[in-house]
Amino acid sequence: MPRLFGSIGLPEILILLVIVLLVFGPRRLPEMAKGLGQSVREFRKGLRDMRKDIEDDEQGAKGAAVSAAATNPPAPPAPQGQPQPVEAATNGERA
């Protein structure tokens, strides 16, 4: 089964450039190239910002997990046969 876009060689690229030149004319080509360059630049900037946001979120999640573990150590298990203490209610009711 042949590939749809196979390998594009120099003759094919030259034919495409001639067709684009004929369709758009020599005056519009620089504008189009500039617009394409700006689009690519904005796309790359967006990707870079997205990567940075993801890395910051991952570091923030790791830092929060580490600080929570350091400030709230797990309670030791109660010895067998003894009842566990009941925490006091926060809204004024008795437990």
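Close-up 1. Partly exposed is the band between buried (under 20%) and exposed (over 50%), judged with a 1.4 Å probe and protein chains only. The model is a predicted one: local features need pLDDT of at least 70, side-chain atom pairs count only at pLDDT 80 or more, and totals for chains, interfaces and linings use all residues. Numbering starts from 1 along each chain as its sequence is written, and side-chain values use heavy atoms, with hydrogens and water left out. Helix α1 covers residues 10-24; helices are DSSP runs (H or I, at least four residues), numbered from the N terminus. Leaving aside residues up to four places away in sequence, V20 touches G25 and L29, a contact being heavy atoms within 4.5 Å.

**Close-up 2. R28 and E31 pair up in a salt bridge.** The N to O distance is 4.0 Å; the cut-off is a Lys or Arg side-chain nitrogen within 4 Å of an Asp or Glu carboxyl oxygen. Both residues sit in helix α2, 3 residues apart, or about one turn. R28 is partly exposed at 43%, while E31 is exposed at 54%.

**Close-up 3. K52 and D56 make another of the structure's 2 salt bridges.** Their closest N and O atoms are 3.7 Å apart. D56 is partly exposed, with 37% relative accessibility.

**Close-up 4. D49, D53, E55, D57 and E58 form a negative surface patch.** Patch members have over 30% relative accessible area and no salt bridge, with like charges joined within 9 Å. E55, in helix α2 (residues 28-71), is partly exposed at 46%.

Terms used:
Patches are made of residues with over 30% relative accessible area and no salt bridge: like charges are joined within 9 Å, nonpolar side chains (Val, Leu, Ile, Met, Phe, Trp, Tyr) within 5 Å. Accessible areas come from the Shrake-Rupley method with a 1.4 Å probe; for residues, only the protein chains shown count as cover. Lys and Arg count as positive and Asp and Glu as negative; His and the chain ends are not counted. The place of a charge is taken as NZ of Lys, CZ of Arg, CG of Asp or CD of Glu. Helices (H or I, at least four residues) and strands (E, at least two) are DSSP runs, numbered from the N terminus.
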